[in-house]
Amino acid sequence: METRKYIDCRDQPASKCTLKISGTEDEVIKAATAHIVSAHEQKDTPELRNNIRLALKPEWPDRPNPIFDTEPMV
Ligand SMILES: [Zn+2]
């Protein structure tokens with residue numbers, strides 16, 4: 001299963017927006033481009049999409065408490 005990535009608008013210093021979008025890389029880039037164009041009045045350019053791609057961070061799946069994942073060390 002593909003690891004989801006996320007982009008968090010709060011990471012952008014100029015943004016007062018709190019939106020966080022997560023999904024596969026292509027999904028996030030599409031949704032984030034639409035969001036940035038409509039909410040942040042920027043133009044949809046290859047540079048914008050490239051900047052979004054660079055700002056993506058991996059979203060680790062929810063895991064149970066790691067204590068129960070590991071064998072006890074004896
Ligand atoms: Zn935003």
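How do the axes of helix 1 and helix 2 cross, and within what distance do they come? In this predicted model, the axes of helix 1 and helix 2 (residues 46-55) come within 10 Å and cross at roughly 120°, and the sections below place that crossing in the chain as a whole.

## Overall architecture

The secondary structure of the chain comprises two helices and three strands, and, read from the N terminus, these elements follow one another as β-β-α-α-β. Of the 74 residues in the chain, 9% are buried. When contacts between residues at least 6 apart in sequence are considered, 32% of them join residues that are at least 24 apart.

The three strands make up an open sheet whose order is 2-1-3, with antiparallel pairing. Strand 2 (20-23) and strand 3 (57-58) are the edge strands, each of them pairing on one side only. Strands of a sheet pair through backbone hydrogen bonds, in either a parallel or an antiparallel manner. Here strand 1 (residues 5-8) and strand 2 run antiparallel and are joined by four bridges; among the residues involved, Asp8 has Lys20 in strand 2 as its bridge partner.

Helix 1 (residues 25-39) packs on this sheet, where it touches strand 1 and strand 2, and the direction of helix 1 makes an angle of about 155° with that of strand 2.

## The contact between the helices

Two packed helices are described by the angle between their axes together with the distance between those axes. For helix 1 and helix 2, the crossing angle is roughly 120° and the axes come within 10 Å; because of that angle, helix 1 is oblique to helix 2. The crossing in which helix 1 passes helix 2 is right-handed.

On the side of helix 1, the residues that meet helix 2 are Ile29, Ala32, Thr33 and Ile36, and their counterparts in helix 2 are Leu48, Arg49, Ile52 and Arg53. Sorted by class, this contact of helix 1 with helix 2 contains five nonpolar residues, one polar residue and two charged residues.

## Ile36 as a local example

Ile36, which lies in helix 1, belongs to the set that meets helix 2. Is Ile36 buried or exposed? Ile36 counts as buried because 23 other C-beta atoms lie within 10 Å, where the cut-off for a buried residue is 20 or more.

Once the neighbours within four places in sequence are left aside, Ile36 is in contact with Gln42 and Leu48, and Leu48 is one of the helix 2 residues named above. Ile36 and Cys9 are 27 residues apart along the chain, and their C-alpha atoms are separated by 9.1 Å.

How values were computed: Residues numbered from 1 in each chain as written. Predicted model: local features only at pLDDT ≥ 70, side-chain atom pairs only at ≥ 80, totals over all residues. Pairing = 2+ DSSP bridges. Contact = placed C-beta atoms within 7 Å. Axes fitted to C-alpha atoms, helices over the stretch in contact; angles between N-to-C directions. Parallel < 35°, antiparallel > 145°, perpendicular 65-115°, else oblique. Left-handed = near helix turned anticlockwise from the far one by under 90°. Nonpolar A, V, L, I, M, F, W, Y, C, P; charged D, E, K, R; others polar. Buried ≥ 20, exposed ≤ 12 C-beta atoms within 10 Å, placed from the backbone.
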